[in-house]
Amino acid sequence: MGISASAGYTPQLNSAALASAQKPASAAPAKAAPSPQAASSVEVSVVVSLSVQAQAMMSSREPAAASSSPYARYFPTRDGKPATALARAVSDPGAESLSAGKSLADVAKSARASMDAQYKAMEKEGKPFDFNSFEGRDWYSLMGDLDRRALHAVSSNADGLFSKQEQDMAQSIMSQQQGLAMGLYNGPISQEGSFVDPHGGDNAARMKAGVAFLDKVSADEKTSVPWAVNRASAQTSYEWIMSDRDEPTENLDSDVPLAKLLKSAMATMKGDSERGISSGRIETIEDIKQQAWFKGFEDRLGPAIQATRKQLLPDAA
């Protein structure tokens with residue numbers, strides 16, 4: 001369907017991931033999620049798998065309409081109107097428009113209202129929302145006004161206002177945003193030639209960019225398990241790559257307790273065939289507990305979660 005996808009959202013610590021990132025995406029579950037593998041090699045990369053539907057929506061034969069963001073062309077919409085909020089988040093994931101000045105609950109309500117308005121507008125045109133729309137333009141049209149924090153509200157089903165399908169779409173778009181920010185192209189094949197990897201293929205630099213991107217997102221997103229796993233994996237990947245090169249590493253330590261704990265646990269994976277394997281998706285606290293590399297850290301998990309919420313969301317803790 002004219003798709004080029006080389007990156008995504010949830011990291012995998014494994015030597016094969018980088019190679020797979022350079023190949024066309026194949027069929028995958030509907031929701032972007034980890035499919036962790038062995039991490040016994042010193043070379044590591046962060047890769048996110050997008051669903052077939054998510055990949056399809058990234059294809060486009062025409063550039064997006066003019067926008068202040070250079071990434072707008074990678075988020076084509078039904079009517080050609082720039083999905084400015086989605087594109088802006090690639091370079092500034094902390095930017096807030098729809099969610100500005102609101103609690104997460106209110107952000108969820110605003111996102112729900114925005115999406116409902118789009119559903120109705122599409123129906124009024126005589127062309128209801130099509131999940132499998134050509135090039136997936138209906139996805140971007142539906143969520144085009146959602147900033148990164150609003151996408152998180154949808155993907156995490158804040159206040160139970162969103163369907164599983166909507167959560168999956170939001171997560172896939174978030175995956176694309178991070179992939180582009182890391183210099184790993186994800187978007188329409190027709191626009192691939194316009195994309196320039198600012199890191200020149202340097203995977204250590206890409207991992208640093210991933211860390212920088214994640215550090216700019218909202219406090220709400222930083223309290224989530226996927227964010228902490230992603231943040232810890234990106235830093236671990238960077239450090240392993242630099243170690244393999246025998247080059248000094250920069251200190252990329254996070255000040256978020258849960259991310260710090262997971263980073264410490266992931267450090268035990270290297271060179272250990274038993275601990276160096278992740279199992280299944282890592283989206284919840286229970287998923288963390290099931291990981292071989294987390295054994296011995298269980299008693300620190302509860303306090304780290306509490307400290308994270310107290311630090312990032314003191315009014316809600």
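Let me begin with how the model is to be read. This is a predicted model, in which local features need pLDDT of at least 70 and side-chain atom pairs count only at pLDDT 80 or more, while totals for chains, interfaces and linings use all residues. Residues are numbered from 1 along each chain as its sequence is written, and side-chain values use heavy atoms, with hydrogens and water left out.

The term pLDDT stands for the predictor's confidence in each residue, from 0 to 100. The protein chain has a mean pLDDT of 82, and 78% of its residues reach 70 or more. Over residues 7-66, however, pLDDT stays under 50. For that stretch the model has 194 contacts beyond four places in sequence, a contact being heavy atoms within 4.5 Å. Where pLDDT is low, the predicted coordinates should not be read in detail.

Now to the chain as a whole. Its secondary structure comes to 14 helices and two strands; these are DSSP runs numbered from the N terminus, helices being H or I with at least four residues and strands E with at least two. Of the 317 residues of the protein chain, 53% count as buried. Buried means under 20% relative accessible area, exposed means over 50%, and partly exposed lies in between, with a 1.4 Å probe and protein chains only. Among contacts with a separation of 6 or more in the protein chain, 72% are between residues 24 or more positions apart.

Helix α7 has 18 residues and reaches 26 Å from its first C-alpha to its last, close to the 26 Å expected at 1.5 Å a residue. That expected span is 1.5 Å times one less than the number of residues. Because 16 of the 18 residues of α7 are buried, this helix is largely enclosed by the rest of the structure. Just after α7, Gly 183 takes a positive phi of about 85°.

How many of the ten residues of α12 are buried? Seven are, so α12 too is largely enclosed by the rest of the structure. The buried residues of α12 include Leu 258, Leu 261, Leu 262 and Met 266. Their cover includes α11 (225-245), α13 and α14 (298-312).

Leu 262 brings us to the cores. A nonpolar core is a set of buried Ala, Val, Leu, Ile, Met, Phe, Trp, Tyr and Cys residues joined through side-chain atoms within 4.5 Å. The largest has 63 residues, and those with the most contacts inside it are Phe 75, Met 143, Leu 146, Leu 262 and Phe 294. Apart from it lies another core of ten residues, among them Met 182, Ala 204, Tyr 238 and Met 242. Leaving aside residues up to four places away in sequence, Phe 294 touches Leu 261, Leu 262 and Ala 265, as well as Arg 275, Ile 288, Lys 289 and Leu 301.

The next topic is the aromatic rings. The structure holds nine aromatic pairs. Rings of Phe, Tyr and Trp (its six-membered ring) pair if their centres lie within 6.5 Å; planes under 30 degrees apart count as stacked, over 60 as edge-to-face and the rest as tilted. One of the pairs joins Tyr 74 and Tyr 185, edge-to-face, at 5.4 Å centre to centre and 80° between the planes. Tyr 74 lies in the loop between α2 (52-57) and α3 (84-91), and Tyr 185 in the loop between α7 (164-181) and β2 (186-188), so the pair ties together parts that are 111 residues apart in sequence. Tyr 74 counts as buried at 3% relative accessibility, and Tyr 185 at 5%.

Phe 75 and Tyr 140 have ring centres 5.3 Å apart and planes at 75°, so this pair is edge-to-face. It links Phe 75, in the loop between α2 and α3, with Tyr 140 in helix α5 (residues 137-143), 65 residues apart. Phe 75 and Tyr 140 are both buried. Ring pairs also link Tyr 71, Tyr 74, Tyr 185 and Phe 195 into a cluster.

I finish with the loop between α6 (148-155) and α7, where Asn 157 is found. Asn 157 has a phi near 55°, a positive value in a residue other than glycine. Is Asn 157 buried or partly exposed? With a relative accessible area of 25%, Asn 157 is partly exposed. Asp 159 is found in the loop between α6 and α7 as well; its phi is near 60°, and at 53% relative accessibility Asp 159 counts as exposed.
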